[in-house]
Amino acid sequence: MLEEVERWLTRRSWSAADHPPAAEQAAGCGAHGTGVSVVLPALNEAATVGDIVATIRRELMEKVRLVDELVVIDSGSTDATAEVARRAGARVVHRDAILPRIPAVPGKGEVLWRSLLVTGGDIVCFIDADLRDFSADFVSGIVAPLLVHPEVQFVKAMYDRPLGELAGQGGRVTELVARPLLNLHWPLLAGFVQPLGGEYAVRRSLLERLPFPVGYGVELGLLVDALHTVGLDALAQVDVGRRVHRHQDGQALGRMAAAIYRTAQVRLSRGHLIRPSLTQFERGPHGFVPHTYPVDTQERPPMREIEEYIARRAA
């Protein structure tokens, strides 16, 4: 590990208990006029989204006023995700209702990008909607450094990710794809424990300057581009304990890995893959059957280049 990264680990890695409790953070937000928006991208997460929304509302909007707005962006759920989230106290916006001038495409990054148009906080905190045993520390823990340290602009959550009964076995795409890529090509980011984690808080002033890969590569893309835009010392991570969520099967992980590799490849060369697709195999009644999936290659431009966003911020 580079000496610069070792120094960064001691300077920019904290636990959730290292910063003021949520009540003091909320007071600080009010004193400085800093708004905090929490965004949950959700696709068929009716089983978990309600508990997450209810916890954030109770702990961070009612007991204390740390979070100013809580928005669930529904990216086309076919279950009761929107109804459950709304009943629990979130504002629910359908992905397709945001910026209809640009037709939406499937993908998590697409939803995160569009969320900037329907939120107003100076700090935007993204939380995955499939978490179980959710704690408000996932929000307050990663927002705190942005309130305490003005020079910090991007904070990732870090945590243990159990896989069934096995501790620390989650994050298979992280260990097999993302971590090798980062260590080999962006060694300044080698200190991030969960580079692909979906829980992170970022200053809007930085987010609006970054392009967003539309699919699974969004977390790696934002992290790499933030490094190049503001430098390592403006990035940080906070230990929030343990993350329990729904695990994907091996083939879904393969599609994620391909998208992440593509995102890295674009940033390394800004070139084009000859064939941006991935073929996987499943056994059928008469042998193995190939299934080919497109690899996410599209990216959305920095939000500050979008006319509607410029007009909204000027209003």
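Tutor: Two residues are in contact when heavy atoms lie within 4.5 Å. By that test, 74% of the chain's contacts with a separation of 6 or more link residues 24 or more positions apart. This is a predicted model, where local features need pLDDT of at least 70, side-chain atom pairs count only at pLDDT 80 or more, and totals for chains, interfaces and linings use all residues. Residues are numbered from 1 along each chain as its sequence is written, and side-chain values use heavy atoms, with hydrogens and water left out.

Now the overall build. The chain has 11 helices and 14 strands; these are DSSP runs numbered from the N terminus, H or I of at least four residues for helices and E of at least two for strands. Its radius of gyration, taken over C-alpha atoms, is 19 Å. The C-alpha trace spans about 65 × 50 × 45 Å along its principal axes.

Next, what is hidden. Buried means under 20% relative accessible area, exposed over 50%, and partly exposed in between, with a 1.4 Å probe and protein chains only. Of the 315 residues, 53% are buried.

Now the core itself. A nonpolar core is a set of buried Ala, Val, Leu, Ile, Met, Phe, Trp, Tyr and Cys residues joined through side-chain atoms within 4.5 Å. The largest one holds 49 residues. I73, F154, V173, L189, F212, L220 and L235 touch the most other members. Several elements supply at least two residues each, among them β3 (69–74), α5 (108–115), α7 (172–185) and α10 (250–269). Helix α9 gives the most, with 7 residues. A second, separate core has 44 residues, including A42, V53, M61 and V238.

Zoom in on V173. Leaving aside neighbours within four places in sequence, V173 is in contact with A178, L196, L253, M256, A257 and I260. R255 sits in helix α10. R255 has 27% relative accessibility, so it counts as partly exposed.

Finally, look at α5. Here 7 of the 8 residues are buried, so this helix is largely enclosed by the rest of the structure. The buried ones are G109, E110, V111, L112, W113, R114 and S115.

Methods:
The radius of gyration is taken over C-alpha atoms; the globule rule is 2.2 Å times the number of residues to the power 0.38.
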